[in-house]
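Please look over the sequence and the structure before reading on.

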Amino acid sequence: MLIRRHGDIRSSEITPADVYAQRRAFLKAAAAAGVGAALSGPAAALVAPAGQRDAIAGVVETPHGRGLELTDYEFVTQYNNFYEFGTDKADPAENAHTLRTRPWNVVVDGECEAPGEIGIEDILTGFTQEERIYRLRCVEAWAMVVPWIGFPLGDLLRRFKPTSRANYVRFETLLDPEQMPGQRRAILDWPYREGLRMDEAMHPLTILATGLYGEVLPNQNGAPLRLVVPWKYGFKSIKSIVRISFVHGVPETTWWRMAPDEYGFYANVNPSVDHPRWSQARHRVLGEGLFSRKHETPMFNGYADQVAHLYKDMDLRKFY
Ligand code: MTE
């Protein structure tokens, strides 16, 4: 994400310096992936390589995304957006170790018959953990393919018995400036908030992720629980969720509220609706290099067969 305004932000965080920051993170990540120099700098010490984190047992493999070429683990875990830990893509991997992911509870409330709270251990053992390979694509036109572990969000939501008034779902990240130092500055209106329409939330492609690459989520990827909505831009995939609320009417969400002309509520990947400051028609694949060939972006990020019907009577230029 790029930010256009805000008084207290360092000039180095604003375009075009942001381009420089992305480049720095890219070079760091490239080094981590063994392209050129050896891994160096603070990220090296703080990111456990694949195979050294806790494995998630009993994961069911699904056919979702089989055949897609995976993005290297180092890129997935060292080139991140998680403003609670800094605005540079390399910041979350360096800083997110201050997040404590146990104990962790998620409150589910609002328009439902059985509001309550559920602990992360019950989430990990109470829902069948599936591996699904999904693309995630960010608005700045880069994409990655990740073997996520998680379960359909709808499986959790149904347990709390939403009422007929519930037509949207609202999500909230932890608010704790002590653990999340980025929240000490008013870069965003904390806590980070996102939302989905009820049918989007209940769609079987929408998952709550608990891990990636066979292991529990690294903090910088949104541990212990984050959303993945593969046909939408990455900012919808809210991290480190502590509250899920059934609501009546469209909930206010962080980026939509912050810059409504740039980030819509729906945020469906759509090559024919450009961001006001750049084209969304083509993208680079993370790991292929800064100057690599661009790829055509498919409608709904390639998931049109499964989700286009959700929007059949809508003007997607208006509801972007
Ligand atoms: N969730 C929170 N709480 N804070 C954030 O800054 N960034 C979003 C999303 N979820 C963000 C967040 C954006 S802009 C993107 S592109 C994805 O997380 C990035 O996920 P990744 O770092 O696992 O690739």
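How do the residues of the lining of the largest cavity divide into nonpolar, polar and charged? The model examined here is a predicted one. In this model, the lining comprises 13 nonpolar, six polar and four charged residues.

**The cavity**

A search of the whole structure finds two cavities of 30 Å³ or more. The volume of the largest cavity is about 290 Å³. Its lining is made up of 23 residues, and those nearest the centre of the cavity are N81, F82, G234, S237 and K239. Two strands, β4 (130–138) and β5 (142–152), each contribute at least two residues to this lining.

**The ligand**

The largest cavity is also where the ligand sits. Around the ligand there are 17 residues, and Y83, E84, C138, M144 and K239 come nearest to it. The shell around the ligand consists of eight nonpolar, six polar and three charged residues.

| Residue | Ligand atom | Distance |
|---|---|---|
| N80 | oxygen | 2.9 Å |
| T173 | nitrogen | 2.9 Å |
| R226 | oxygen | 3.0 Å |

On its own, the ligand has 540 Å² of accessible area, and the protein covers 99% of this area.

**Backbone features in the loops**

Some features of the backbone also deserve attention. Most residues other than glycine have a negative phi, and most peptide bonds are trans.

W190 and P191 are joined by a cis peptide bond, with omega about -5°. P191 belongs to the loop between β6 (168–173) and β7 (193–197). A cis peptide bond also joins A223 to P224, and here omega is about -5°. P224 is located in the loop between β9 (215–216) and β10 (226–228).

Note on methods. Residues are numbered from 1 along each chain as its sequence is written. This is a predicted model: local features need pLDDT of at least 70, side-chain atom pairs count only at pLDDT 80 or more; totals for chains, interfaces and linings use all residues. Side-chain values use heavy atoms; hydrogens and water are left out. A residue is near a molecule or strand if one of its heavy atoms lies within 4 Å of it. A polar contact is a pair of N or O atoms within 3.5 Å; within protein, one must be able to donate a hydrogen and the other to accept it, and residues adjacent in sequence count only if both atoms are side-chain atoms. Accessible areas come from the Shrake-Rupley method with a 1.4 Å probe; for residues, only the protein chains shown count as cover. On a 1 Å grid over the protein atoms alone, a cavity is a set of points where a 1.4 Å probe fits but cannot get out, and a pocket is an open set with protein on both sides within 12 Å along at least five of seven lines; lining residues have an atom within 4 Å of a point. A molecule sits in a cavity or pocket if more than half of its atoms lie within 2 Å of its grid points. Ala, Val, Leu, Ile, Met, Phe, Trp, Tyr, Cys and Pro count as nonpolar, Asp, Glu, Lys and Arg as charged, and the others, Gly among them, as polar. Grid points are joined across faces, edges and corners, and a volume is the space filled by probe spheres set on the points. Helices (H or I, at least four residues) and strands (E, at least two) are DSSP runs, numbered from the N terminus.
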